[in-house]
Amino acid sequence: MASTIRVRATSNGDITEVQALIQHPMDSGFVKDAKGEIIPPHFIQQLTFEYDGKSVFVADWGGGVSKDPYVKFSFKGGKKGDDLKISWVDNKGATDTTTAKIQ
Amino acid sequence: MRSAIHLASAALALAALAFGAVPSAVAADTPNPPADAKAFRDFFTQKFPKVKLEDFVNGPYSMNEDLHRQWEEKEQFPPYEFSVDMGKEMFSKPFKNGKSYADCFPNQGIGIRQNYPYFDEKEGKVITLELALNRCREVNGEPPFSFLKDEMAALTAYMAFTSRGKPFDIKIPDDPRALEAYQNGKRYFYTRRGQLNFSCATCHVQSPGERIRAEVLAPALGILNAMPIYRSEWSGMGTISRRFTTCNTQIRGVPLNPQDDEYRDLEYYLSYVSNGLPISGPGARP
Amino acid sequence: MDRTDTRFSAPRRLILQGIGAVALVGLGNIAFVSSAFAAANDKYPEDAFKAKTEADAIKALYGKTAEASDKVKLDAPEIAENGAVVPVSVTTTLPDVTSISFLVSENPVVLVASYKIPAGTMPSIANRIKMAKTSNVIVVVEAGGKVYSTTKEVKVTVGGCGG
């Protein structure tokens with residue numbers, strides 16, 4: 001089964017730009033279903049990016065982040081072919097992790 | 001609205017006069033799809049001279065700058081990616097009998113979306129891509145999918161993706177039944193229905209770029225090129241079937257069943273008059 | 001949580017209160033272990049996500065109030081195409097940025113996202129947020145120990161929370 005995490009990390013030699021799109025319902029807990037019952041909150045709480053063993057970015061999210069969340073950021077360093085490790089944990093304790101190669 | 005209607009009629013009349021008035025004049029008895037397509041295209045390019053022909057496939061985004069920017073940002077990493085991946089995966093998995101989708105389609109189903117719908121002369125009916133996919137499943141002993149979303153959307157998303165950039169190439173064979181289907185679709189498009197008494201044309205020919213409540217209306221030219229679509233409103237994917245049925249509901253009409261004759265004929269007409277415009281699917285919409 | 005004991009004499013109490021305050025901060029950090037990640041610097045700001053006002057959320061996140069700054073550039077649409085997916089991005093020329101957060105004034109939970117920016121990471125972020133209705137989108141930047149913000153109103157005609 002494919003990871004829920006899609007990553008595009010590209011380095012121009014100096015700066016690495018990272019875009020991530022994650023498959024997750026990001027239910028806020030404020031929406032009712034067709035029967036009128038609240039859909040319980042189910043969202044990623046923390047998303048981390050590690051390069052060379054160090055954290056380069058941490059996202060703390062609430063239910064106000066869009067479904068199938070997206071984030072883009074850049075960091076100095078990172079070479080083509082190097083690994084970037086991405087992990088998330090949601091409010092139910094579920095996790096996913098993936099490693100992407102910097103292009 | 002009234003000025004838009006006047007403008008629309010004036011433009012259509014002008015188009016008819018300027019480009020092959022004779023065929024159009026006897027259109028009531030003799031359908032002339034090529035003349036229709038040209039008049040259709042000219043109507044929109046004249047109404048929106050600043051929009052490039054191929055940009056009409058971007059619907060409301062071609063009509064509004066603020067919307068266009070939001071769309072560009074989302075296209076950097078679009079929400080329909082998961083659907084395309086799912087479709088690709090489904091395409092590569094064989095059915096229980098060992099066959100696969102590739103066996104049902106020309107060129108293994110790759111890069112062919114722009115040829116759908118087509119008129120099947122043996123059957124005497126319009127065959128859409130969604131219909132062909134479910135038939136493929138049934139012929140191979142698999143249960144059909146809902147026409148509206150999920151798996152059907154994933155399959156059509158993948159197939160559209162493999163055809164991106166290819167121009168719509170809908171053919172109407174020299175067969176009175178094909179012309180009949182085309183005319184049927186055209187009639188449906190221009191017929192008012194529902195409590196709101198709107199036809200498809202009311203919004204998409206008379207008022208593209210304007211707002212209906214909060215939504216900016218898409219032009220009818222190229223309106224199917226981006227299908228299937230990830231709509232923010234649905235927080236998910238939807239097929240042509242989904243859009244036709246929900247649109248009927250929104251004008252307070254009773255929707256037909258997905259893939260009923262009228263819907264397939266409508267898709268035939270709408271696709272034909274957008275011939276030449278590139279497939280941009282799958283797409284994102286508000 | 002810690003409590004100062006009123007039985008102690010005044011000077012001692014003051015000293016203890018001072019120590020207690022420091023200890024409180026430390027203990028406060030350790031207490032927020034409800035999510036799976038509990039690394040010292042990577043704690044999830046649970047309280048900030050419970051805050052009902054922008055001021056409370058910012059206080060919970062950064063311990064101080066934000067001052068408006070024109071060095072924080074917020075890019076958001078005039079009218080959101082749909083409140084469910086509003087692309088919003090920020091960039092700043094402020095030096096030593098350590099954190100950036102996004103808040104939506106009329107959302108049921110005001111804090112939408114908070115990002116930690118380690119040294120070497122650029123102070124530019126793009127993300128997609130939900131807006132329940134027309135609101136101010138506030139972006140807060142923690143830089144050099146101080147807190148700055150900028151605001152933009154984004155109109156929402158189709159609510160993003162399912163309504």
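Two residues are in contact here if their C-beta atoms, placed from the backbone, lie within 7 Å. The model is predicted.

Start in chain B, with a pair of helices.

Now the geometry. Two packed helices are described by the angle between their axes and the distance between the axes. Helix α5 of chain B covers residues 81–92, and helix α7 of chain B covers residues 150–162. Their axes lie 7 Å apart, at an angle of about 90°. Angles of 65 to 115 degrees count as roughly perpendicular, so α5(B) is roughly perpendicular to α7(B).

Step back to the domains of chain B. Domain 1 consists of 2–77 + 173–285, and domain 2 of 81–162. Their contact draws 25 residues from domain 1 of chain B and 21 residues from domain 2 of chain B. On the domain 1 side, α8 (176–190), β6 (236–238), α10 (240–250) and α11 (261–272) of chain B each give at least two residues. The largest share, five residues, belongs to α11(B). This side of domain 1 of chain B holds 12 nonpolar, seven polar and six charged residues.

Next, turn to chains A and C. Chain A puts 30 residues into their contact, and chain C puts in 32 residues. Three elements of chain A give two or more residues to its side: β3 (44–51), β4 (54–61) and β5 (70–76). That side of chain A divides into 14 nonpolar, 12 polar and four charged residues.

Strands also pair across the two chains. β4(A) runs antiparallel to strand β6 of chain C, residues 111–116, with four bridges between them. Within this pairing, A:Val58 has C:Lys116 of β6(C) as its bridge partner.

An open sheet of six strands draws on both chains, in the order β1(A)-β2(A)-β5(A)-β7(C)-β4(C)-β2(C). The pairing is antiparallel. At the edges lie β1 (5–11) of chain A and β2 (72–75) of chain C, each pairing on one side only. Neighbouring strands of the sheet are turned by 15° against each other on average, direction ignored.

β1(A) and strand β2 of chain A, residues 15–22, run antiparallel and are joined by seven bridges. There, A:Val7 has A:Ala20 of β2(A) as its bridge partner.

Note on methods: Residues numbered from 1 in each chain as written. Chains lettered and ligands numbered in written order. Predicted model: local features only at pLDDT ≥ 70, side-chain atom pairs only at ≥ 80, totals over all residues. Axes fitted to C-alpha atoms, helices over the stretch in contact; angles between N-to-C directions. Parallel < 35°, antiparallel > 145°, perpendicular 65-115°, else oblique. Domains from an automatic or database assignment. Nonpolar A, V, L, I, M, F, W, Y, C, P; charged D, E, K, R; others polar. Pairing = 2+ DSSP bridges.
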